[in-house]
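This report goes through the structure shown below, part by part. Please keep the sequence at hand while reading.

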Amino acid sequence: MEGKEMKKIAMYWGAGCGGCDVSLLSLHEKILDLLEEAEIVFWPCAMDFKYEDLEKMKDGSIDIAFYNGAIRTEENEEIAKLLRKKSKILVAYGSCATEGCVIGLANLYSREEIFDTVYLKNETTKNEDGIIPSSNDLHLPEFLPHLKTLEQVVKVDAFIPGCPPPKPVLENALEALLQGKTEFGKSVALCDECPRKDSKPEKIEINKFYRWHEKEDNGDCFLAQGIICMGPATRAGCEAECISANIPCTGCMGAVPKVREQGISMLSALASILGDMDEEKEKEIIESLQDVVGTFYKYATAKLLPEGRLKDES
Amino acid sequence: MARRIGVFVCHCGINIAGTVDVERVARELEKQPGVVFATTYQYMCSDPGQNLIKQKIEEENLDAVVVAACSPAMHEETFRGVCREYFNEYRCEMANIREQCSWVHDGEEATEKAIKIVKATVEKLRDNEDLMPILVPVEKKCLIIGGGIAGIQAALDIADAGYKVILVEKEPSIGGRMAQLSETFPTLDCSQCILTPKMVAVARHPNIKLLTYSEVLEISGFVGNFHVKILKKPRYVDEDACTVCGDCEEVCPVIVANEFEMERKPRKAIYIPFPQAVPSTYTLDREACLGLAPLTCSQCKEVCEANAIDYDMQPKIIEEDVGAIIVATGYDLYDKNKLVEYGYGEDDDIITSLEFERMLSASGPTGGKIIKPSTGKEPKKVVFIQCAGSRDKQHMPYCSSICCMYTAKHALLYKHHVPDGEAYIFYIDIRATGKGYEEFIERVMEEERINYIRGKVAKIYRDGDKIVVCGVDTLTGRKVEVQADLVVLAMAIVGKEEAVKIAKKLKVAVDDGNFFKESHPKLKPVEALTRGIYFAGCAQAPKDIPSAVAQASAAASKVLSIFSKDKLEKDPLIAVVDEEHCSACGICVSVCPYGAMMKMENGKARCIEALCEGCGTCAAACPSSNIEMRNYKDEQIVKMVEVVI
Ligand SMILES: Cc1cc2nc3c(=O)[nH]c(=O)nc-3n(C[C@H](O)[C@H](O)[C@H](O)COP(=O)(O)OP(=O)(O)OC[C@H]3O[C@@H](n4cnc5c(N)ncnc54)[C@H](O)[C@@H]3O)c2cc1C
Ligand code: SF4
Ligand code: SF4
Ligand code: SF4
């Protein structure tokens, strides 16, 4: 690629499921276009790079660094800081890095409770000696008291939402980033691009909540069917992939830019469209909501509770 | 441009200053950025108070004003009026430190809260936009629901002033309860005689469209621009063709109870409720009729020489645009079956006051004779029980206001009919506050020698031919026991049961007795909270005919004042949708209680200015935070919260 200045890019995998790394590959042939404009200088998951390689780079020498996954260990934190130093633009890639995602729900529990469950109480765990790995025996990076988002550790220049970022979101983000833009993505909610939007009735009213399996899907807007769909409170851009597969939106793209908090927005919208009912029925319908945090704060718990759950005062 | 804000703290006599340290409020506020002047005054709303504001606006070159005083519902208009001479009136805000502070808190706490309230108002004011009122056109036509004396009076007043009226009455005739009464206290004029000329005037008035046997189905819109759908039920008789010859009634084989006669007299399936009914026509009661088809009966149709009977008549939906609405749906008596303690329903000789009215009427079930229903004989001892169901925590807690008066009337008329009879009245106290009312009671007590017994009835039971009424005369402390032939219960007055449904359609409130709730119990007694809707007569509270008529004229004058302008000014504090960022989720459209959010072709929402009441429901519900309330923008609210916490 003579004559053309190649952008140096890096990708790192913090605490996450690995889906983000795969999502970059899911660009398919588009990734070749990317490689025409950029060279990969660090991507441990895909190629052989060592931390020393990164340490050796000049500060600010990476044009765009993508960090996927959240910050759960000392090591995650260290690399986040290192990448920050080495790069011009640091991007939180995917929901974990941006908001904490599903693994951020761990902030509802203490580190001890988590270890207890994972190493001792889990039904599929066989650990007769009750061993809990610790840094005493091995040199292991410390498991931090709480999970953090990238922004809670270092300054972040851009965010790519999604769990993992869907293809259209990614293409759009990469194009913008390669042009040096850090603001991108849609700023309306998902209903805007939802294939079911025309089936909305004039007045949406909910008198009973159904979980997905409790109701035969008639193909209409999920919300109008009484099935909680986070679409109205969730940023568009994914081209409603889930809904196209007949699955209601769970909100991985996060809130639209104007909204302060996705969960509460959706809750107040839902509360507003409940049908006419007496207090008792109201209580019943509210109690029928299973797993409120997991429904409305599935992705943003860590962002909202960086210090974990407030302990009861009693 | 930074605002130059003046803060004016009102003492409201001791209403505020008695609790809140108003001086300290002013001194604290002076420290707020942007506040260039703060002071206190005895009564800000007084002329000198208003002048003080004007003077300071000029001297201090103020361009925005906060008046810390009572509720904006009281004086916002006063102070905005003062500021209007100098700058846009939306740069004037009131901070309510009376209702929301001095009246509900004490001491230091009150002063602290007052300071916070005023600071928050200053923060809000900083970002207020200059606004102009929205102008909406007025449809100069009035809908009146209910054709009792109140509805009739209001209709005549408005029609006489030259405006169109649609009068909707659900029964076959207008007239309401007054048509059922015999003579009226305190002057004892014949009720029908004074009522029927007004009913005829309604029927003849070119400006009144009378829709009887009709009900309001739907109401939408807002002051000046309501849209109503009215159902005109088929009466199967052509109102104009019917000559009221009564041939049909004669041949009709079906006999049912007559509602107008409190079910104490029969009527046929084809009937006219009373001879002076307006419109003057028979009505076929479909429920009672044998079949509405030539094969099943059709005797009435065969005898009708005027050819007025039409079995194929269909319900009609009539749509009208009106600018104002008066609700005059009147009252019912409290359900007699709920008064188990008086054994009503079980005993034929215990009747309600309205049944007694019908008995007194020459056209009533007994032809004007007072009888003991079980035997048909003249009752020689009658007990009247006041407050039956009223002023009673088990039933209706309020005073029904007219029972003392009509019971006195009943006792008097009874004595006129049965001069050798004895009348007893059990009462708690006598409330006779109208003009000439006390004199009327005195006359009844003295001239007619009615036995007034102050005390509640403890027990009623039947003993052979008699009904025994036991109680204690609390004035003498003696037990009283009367062997009565007839007992008349002055039943509590309650609002119509369907008032609740009508209220829902109108988006107005009703209170415990199903009475429509006025906007202010003293200062806005005929207005609903929703503009353009008014109440008249017993629909609002129990009252006598003179009060019902006066209230009807008051409501009419309110309507006329709306009709006196071509355009109405409307508060511009409405919802605004950022259409670009609207996802068309449809939530706001679903929640707006005024139908002001409209779904556009592309599914996105748009607020119809004229319909929006600025309630903010949509803004709270929009999951995209995409709706802003004018002068209550999110940033404003956040800033207000920040200064108070
Ligand atoms: C026993 C008794 C004796 C009385 N004697 C006297 C007296 O001597 N002097 C005196 O001053 N007052 C007397 N009153 C009080 C008097 O009856 C009332 O003040 C008066 O009738 C009130 O008139 P109104 O128009 O408010 O209500 P109403 O007379 O109740 O008229 C309401 C009308 O609205 C109609 N309506 C109701 N709902 C609807 C609907 N949904 N759609 C359309 N139309 C509807 C009804 O059919 C009715 O025609 C007496 C009351 C009682 C109970
Ligand atoms: S609520 Fe869900 S299903 Fe309904 S239109 Fe919005 S995104 Fe689609
Ligand atoms: S503020 Fe919103 S919900 Fe309230 S009347 Fe206006 S449009 Fe309707
Ligand atoms: S609630 Fe908000 S996003 Fe949804 S249709 Fe209304 S304005 Fe648009």
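## Exposed and buried residues

A residue counts as buried under 20% relative accessible area, as exposed over 50%, and as partly exposed in between. The model discussed here is predicted. A:Glu239 has a relative accessibility of 53%, so this residue counts as exposed. A:Glu239 sits in the loop between helix 7 and helix 8 (241–244) of chain A. Its phi is near 60°, a positive value in a residue other than glycine.

A:Asp291 also has a positive phi without being glycine, here near 55°. The loop between helix 10 (279–287) and helix 11 (292–296) of chain A holds A:Asp291, and at 51% relative accessibility A:Asp291 is exposed. Most residues other than glycine have a negative phi, and most peptide bonds are trans.

A:Gly18 is buried, at 9% relative accessibility. This glycine lies in the loop between strand 1 (7–13) and helix 1 (19–25) of chain A. From A:Gly18 to A:Lys181 there are 163 residues in sequence and 26 Å in space, C-alpha to C-alpha.

## Domains

Chain A is assigned domain 1 (7–102 + 143–178), domain 2 (111–140) and domain 3 (190–273). The centres of domain 1 and domain 2 of chain A, taken over C-alpha atoms, are separated by 29 Å.

The assignment for chain B gives domain 1 (5–126), domain 2 (133–218 + 317–330 + 498–568), domain 3 (247–303), domain 4 (332–494) and domain 5 (571–629). Between the centres of domain 1 and domain 2 of chain B, over C-alpha atoms, there are 40 Å.

## Nonpolar cores

The largest nonpolar core has 65 residues, and A:Leu24, A:Phe66, A:Ile160, A:Leu177 and A:Leu270 touch the most other members. Helix 7 (residues 167–178) of chain A gives the most to this core, namely seven residues. Leaving out residues up to four places away in sequence, A:Phe66 touches several residues, including A:Ile9, A:Met11, A:Val91, A:Ile160 and A:Leu177. A second, separate core of 64 residues includes B:Ile351, B:Cys403, B:Leu413 and B:Tyr424.

## Aromatic pairs

Over all chains there are 15 aromatic pairs. In one of them, A:Phe115 and A:Phe143 are 5.0 Å apart centre to centre with 50° between the planes, and the pair is tilted. A:Phe115 belongs to helix 6 (residues 111–121) and A:Phe143 to strand 6 (residues 143–148) of chain A, 28 residues apart.

How are the rings of B:Phe185 and B:Tyr437 placed? Their centres are 5.3 Å apart and their planes stand at 90°, so the pair is edge-to-face. B:Phe185 is in the loop between strand 8 (183–184) and strand 9 (189–190) of chain B and B:Tyr437 is in helix 12 (residues 437–447), so the pair ties together parts 252 residues apart in sequence. B:Phe185 is buried at 13% relative accessible area, and B:Tyr437 is buried at 6%.

The peptide bond from B:Phe185 to B:Pro186 is cis, with omega near -10°. Another cis bond runs from B:Val278 to B:Pro279, with omega near 0°.

## Ligand surroundings

The residues around ligand 2 include A:Cys191, A:Cys194, A:Cys221 and A:Cys229, as well as A:Lys197 and A:Lys200. This shell divides into eight nonpolar, one polar and two charged residues.

Around ligand 4 there are 13 residues, of which B:Cys582, B:Cys585, B:Gly586, B:Cys588 and B:Cys622 come nearest. The shell of ligand 4 has ten nonpolar, three polar and no charged residues.

Notes: Residues are numbered from 1 along each chain as its sequence is written. Chains are lettered from A and ligands numbered from 1 in the order in which they are written. This is a predicted model: local features need pLDDT of at least 70, side-chain atom pairs count only at pLDDT 80 or more; totals for chains, interfaces and linings use all residues. Side-chain values use heavy atoms; hydrogens and water are left out. A residue is near a molecule or strand if one of its heavy atoms lies within 4 Å of it. Ala, Val, Leu, Ile, Met, Phe, Trp, Tyr, Cys and Pro count as nonpolar, Asp, Glu, Lys and Arg as charged, and the others, Gly among them, as polar. A nonpolar core is a set of buried Ala, Val, Leu, Ile, Met, Phe, Trp, Tyr and Cys residues joined through side-chain atoms within 4.5 Å. Buried means under 20% relative accessible area, exposed over 50%, partly exposed in between (1.4 Å probe, protein chains only). Helices (H or I, at least four residues) and strands (E, at least two) are DSSP runs, numbered from the N terminus. Contact means heavy atoms within 4.5 Å. Domain bounds come from an automatic or database domain assignment. Rings of Phe, Tyr and Trp (its six-membered ring) pair if their centres lie within 6.5 Å; planes under 30 degrees apart count as stacked, over 60 as edge-to-face and the rest as tilted.
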